Amino acid sequence: MIKKLSRSVDLLLGIGMASCLTVMSCLVFSNVILRYLFDSGITWSEEMSRYLFVFMIFLGTTRAMKLNQHLNVDVFIKLLPFKWLRVSLQLVSAALMLYALWLLIDGSWQLLHININTLGPATNMPLWLLYAGSMGMGICMCLFIVFGIKRLFENEQQNALNENKNHQEGEA
């Protein structure tokens, strides 16, 4: 069930990114055609394209966190001789990422309240939606980190069981 939910979330994020890119491309292309061929344009096209680009980034960073595709420098962790030290450093890394995401969520919450009555100049779209998207991204990324920590402990327990089983078979 969890794998099905994970695939659904991945599909939803991918469709969201593709939709943002498609609409953004159509808006920009249409605006260019209208400006150069007809000396007119869509007044809200640039602003809406900017919002779609921001949301595409939010969805993309969330999906990259889910798939563990963010930049990761693990050359030093792989050189460590003890498993417990590697796991400890991975936990410290996860804790630091959770703290950074907490700062992002808290800052987005404050900006949401500051801009609650502010509207976009061309679209009249409420600007708090941008900060709500940032909060949603941060919360989703926190959940993925917590699930990653859980998976780390499950893998370590499984490795310990396998080593214990291999050790017992070697004695027999």
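**Overall shape, then the cysteines**

Mentor: Start with size. The chain has a radius of gyration of 23 Å, whereas a compact globule of 172 residues would have one near 16 Å. That radius is taken over C-alpha atoms, and the globule rule is 2.2 Å times the number of residues to the power 0.38. Along the principal axes, the C-alpha atoms fill a box of roughly 85 × 35 × 35 Å.

A word on provenance. This is a predicted model, where local features need pLDDT of at least 70, side-chain atom pairs count only at pLDDT 80 or more, and totals for chains, interfaces and linings use all residues. Residues are numbered from 1 along each chain as its sequence is written, and side-chain values use heavy atoms, with hydrogens and water left out.

Next, the fold. The chain has 5 helices and 0 strands, in the order α-α-α-α-α along the sequence. These elements are DSSP runs, numbered from the N terminus: helices are H or I of at least four residues, strands E of at least two. Take contacts between residues at least 6 apart in sequence: 68% of them join residues at least 24 apart. A contact means heavy atoms within 4.5 Å.

Now the surface. Buried residues make up 23% of the 172. Buried means under 20% relative accessible area, exposed over 50%, and partly exposed in between (1.4 Å probe, protein chains only). The chain exposes about 12,300 Å², and carbon and sulfur atoms supply 68% of that area. Such areas come from the Shrake-Rupley method with a 1.4 Å probe; for residues, only the protein chains shown count as cover.

Now your part. A disulfide is a covalent bond between the sulfur atoms of two cysteines. The rule used here asks for a pair of cysteine sulfur atoms within 2.5 Å. By that rule the count is 0 disulfides. Take C26. Its closest cysteine sulfur is in C20, 12 Å away, so the gap is too far for a bond. C26 counts as partly exposed because its relative accessibility is 45%. Then C142. Its closest cysteine sulfur is in C140, at 9.3 Å, so this gap is also too far for a bond. C142 counts as buried because its relative accessibility is 17%.

One more buried residue, for comparison. S134 is found in helix α5, residues 128-171. Its relative accessible area is 7%, so S134 is buried. Leaving out residues up to four places away in sequence, S134 touches F58, L104 and S108.
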